[in-house]
Amino acid sequence: RMVDVFLANSFRAHDLWAQFLSHVLELVQDPKSSIREAAIDALGKAINGTLANLHVSDRDRASRGVGAGGTDGVDGGGDKIAGAVDAQQLKLLENMVLVAL
């Protein structure tokens, strides 16, 4: 359930990541191996789901002609915004993976 909530709010992943990870780290310390395994599985699903959401948003921008080499009809301004969003998302993803390791 925790992963579902995280992924449903993936547009706010940078705000939710610390709280999500603290819950996972708490569960990883549980004496029951099934709980620890579920926590690691949740972490993997959260990272994979975030990657999938980034991929979908890249595809959406490409279909609208915004982003890498595209145009949004406003003198390329959308390219700069899309590039900034991509950079922010990549930075978030890098942070998520590094903290998880």
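How many salt bridges does the structure hold, counting a side-chain nitrogen of Lys or Arg within 4 Å of a carboxyl oxygen of Asp or Glu? By this rule the count is one salt bridge. The model is predicted, so local features need pLDDT of at least 70 and side-chain atom pairs count only at pLDDT 80 or more, whereas totals for chains, interfaces and linings use all residues. Residues are numbered from 1 along each chain as its sequence is written, and side-chain values use heavy atoms, with hydrogens and water left out.

- The salt bridge joins aspartate 41 and lysine 45, whose closest N and O atoms are 3.4 Å apart.
- Both residues belong to helix α3 (residues 33-64), and because they are four residues apart there, about one helical turn separates them. Helices (H or I, at least four residues) and strands (E, at least two) are DSSP runs, numbered from the N terminus.
- Aspartate 41 is partly exposed, with a relative accessible area of 42%, and lysine 45 is partly exposed as well, at 47%. Here buried means under 20% relative accessible area, exposed over 50%, and partly exposed in between (1.4 Å probe, protein chains only).

**Threonine 50**

- Threonine 50 also lies in helix α3 and is buried, with a relative accessible area of 5%.
- Its side chain reaches the backbone oxygen of alanine 46 at 2.8 Å. A polar contact is a pair of N or O atoms within 3.5 Å; within protein, one must be able to donate a hydrogen and the other to accept it, and residues adjacent in sequence count only if both atoms are side-chain atoms.
- Beyond its neighbours within four places in sequence, threonine 50 is in contact (heavy atoms within 4.5 Å) with Phe6, Leu7, Leu93 and Met96.

**Helix α2 and leucine 16**

- Helix α2 covers residues 13-28. At 1.5 Å a residue, its 16 residues should span 22 Å, and the 21 Å between its end C-alpha atoms agrees with this; the expected span is 1.5 Å times one less than the number of residues.
- The buried residues of α2 are Ala13, Leu16, Trp17, Phe20, Leu21 and Val24.
- Leucine 16 has 16% relative accessibility.
- The C-alpha atoms of leucine 16 and valine 5 are 9.8 Å apart, with the two residues eleven apart in sequence.

**Aromatic pairs**

- The structure holds three aromatic pairs, and ring pairs link Phe6, Trp17 and Phe20 into a cluster.
- Rings of Phe, Tyr and Trp (its six-membered ring) pair if their centres lie within 6.5 Å; planes under 30 degrees apart count as stacked, over 60 as edge-to-face and the rest as tilted.
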